[in-house]
Amino acid sequence: MEFNSESRDTRIYIVDDHYRIVYFNHALGEVFPSLKMGELCYRALCGESAPCSDCPLGQEDGSDSIFYNQQVDQWVEVNTGRIDWPGEGRCHAVFARKIQEGNRNLFFNLTSTSAYDVLFELNLTRDIFKILYQVEGKYDLPACVGRLAAGVEAAAQKMVHPDDREVFRKFWSLDSLLNRLAAEPNNTLKGQFRGKRADGSYCWGVHTLVPVRHGANGDKIVMCFIQDIDEQKRRELELRRNSHLQDTDVDPLTGGPSFSGRRRRF
């Protein structure tokens, strides 16, 4: 890995295999004015008493990760790699950049969803939701920030199609949400519901839930992406209806046309 010129917006620091900071740039120093060489990165930068269970330093060289730093109350995009540092030997180089919450492109690597209309941040520890992005004027959405449990029930009553409400409540059961996410091979849950548009009509959407990085003692946070699948869902339902009609037109015994239930005209 090459150590090149510093970007004004990129916070760069070097740590050895014992998590000691052996270098940091001016951008990081501005965020942490009291930071000193030799401090342990997890204590000085994350406020943790031990290395984070999902520390970016454990990732492969060049891999990207996104996590929430509760110390500075920011979402951070991190890239790490190994580097030979003068006088310290083999170390870890960390490149961190603050994520602008309105820039949805930076969250694409959390999910296979390539486009979405709404992005929620769900803090399960503090029972808070926050809308980070939304297509303006498309959906009937709640306030940008609110209580999570109350928001789920309000959405079930006012923003979800009546026929989908019970399925919606089961999918959004907060007590079992993290366990269900952990049980999935890719740690991703998806549910399909009809949501209310701003004009009062309903359209199908898929809700994709993805857990994100946080410190070992940090808040439990999940991202929710809502993607419009109305057109493809309606095509799928139409195909099912047509297939069902074709099946009922076939006599199961003869394999020929079924005339049961039909009124013959002469």
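How many bridges join E6 to E7, and in which sense do the two strands run?

**Figure 1. Pairing of strands E6 and E7 in the predicted model.** Strand E6 covers residues 118-123 and strand E7 covers residues 128-134. The two strands run antiparallel and are joined by 6 bridges. Within this pair, Phe 120 stands opposite Ile 131 of E7. Phe 120 also belongs to the largest nonpolar core, where it is among the residues that touch the most other members.

**Figure 2. The open sheet of 6 strands.** The strand order is E8-E7-E6-E11-E10-E9, and the pairing is antiparallel. E8 and E9 stand at the edges with a single partner strand each, so one side of each has no neighbour in the sheet. On average, neighbouring strands of the sheet are turned by 25° against each other, direction ignored. For context, the chain as a whole contains 6 helices and 11 strands.

**Figure 3. Strand E10 between its partners E9 and E11.** E10 is mostly covered, with 8 of its 10 residues buried. Towards E9, the pairing is antiparallel and comprises 8 bridges; here Gly 195 stands opposite Cys 203 of E10. The hairpin of E9 and E10 has 5 residues between the strands, and Gly 200 takes a positive phi near 95° in this hairpin. Towards E11, E10 pairs over 7 bridges, again in the antiparallel sense. In that pairing, Pro 211 stands opposite Val 222 of E11.

**Figure 4. The largest nonpolar core and the surroundings of Trp 172.** This core holds 24 residues, and those touching the most other members are Phe 120, Leu 122, Phe 168, Trp 172, Leu 209 and Cys 224. Elements that contribute two or more residues include helix H4 (165-171), helix H5 (174-183) and strand E11 (221-228). H3 provides the largest share, 4 residues. Beyond four places in sequence, Trp 172 touches Leu 122, Val 152, Arg 180, Phe 193, His 207, Leu 209 and Cys 224. A second, separate core of 17 residues includes Leu 28, Leu 35, Cys 55 and Val 78.

**Figure 5. Helix H3 and its buried face.** The buried residues of H3 are Leu 148, Val 152, Ala 155 and Ala 156. Viewed down the helix axis, these buried residues of H3 fall within an arc of 100°, so they line one face of the helix. The elements covering them include E6, E7, strand E8 (145-147), H4 and H5. H3 lies across E6, E7, E8 and E9, and runs at about 95° to E8.

**Figure 6. The hairpin of strands E4 and E5.** Strand E4 (residues 74-85) has 10 of its 12 residues buried, so this strand is largely enclosed by the rest of the structure. E4 and strand E5 (residues 89-98) run antiparallel and are joined by 10 bridges. Thr 80 has Val 94 of E5 as its bridge partner. The hairpin leaves 3 residues between the strands, and Gly 87 takes a positive phi near 80° there.

**Figure 7. Asp 16 in the loop between strands E1 and E2.** Asp 16 is placed between strand E1 (10-15) and strand E2 (21-24). Its relative accessible area is 6%, so Asp 16 is buried. The side chains of Asp 16 and Arg 20 are joined by a polar contact of 2.7 Å. Aside from neighbours within four places in sequence, Asp 16 is in contact with Val 22, Cys 91 and His 92.

**Figure 8. Gly 137 in the loop between E7 and E8.** Gly 137 has a relative accessible area of 60%, so this residue is exposed. Its C-alpha atom is separated by 9.0 Å from that of Asp 199, although Gly 137 and Asp 199 are 62 residues apart along the chain. Over the whole chain of 266 residues, 41% count as buried. Among contacts with a separation of 6 or more, 44% are between residues 24 or more positions apart.

Terms used:
Residues numbered from 1 in each chain as written. Predicted model: local features only at pLDDT ≥ 70, side-chain atom pairs only at ≥ 80, totals over all residues. Heavy atoms only, no water. Core = buried A, V, L, I, M, F, W, Y, C linked by side-chain atoms within 4.5 Å. Buried < 20%, exposed > 50% of the residue type's maximum accessible area, 1.4 Å probe, protein only. Contact = heavy atoms within 4.5 Å. Arc of directions from axis to C-beta. Pairing = 2+ DSSP bridges. Polar contact = N/O pair within 3.5 Å; in protein donor to acceptor, adjacent residues only side chain to side chain. Axes fitted to C-alpha atoms, helices over the stretch in contact; angles between N-to-C directions.
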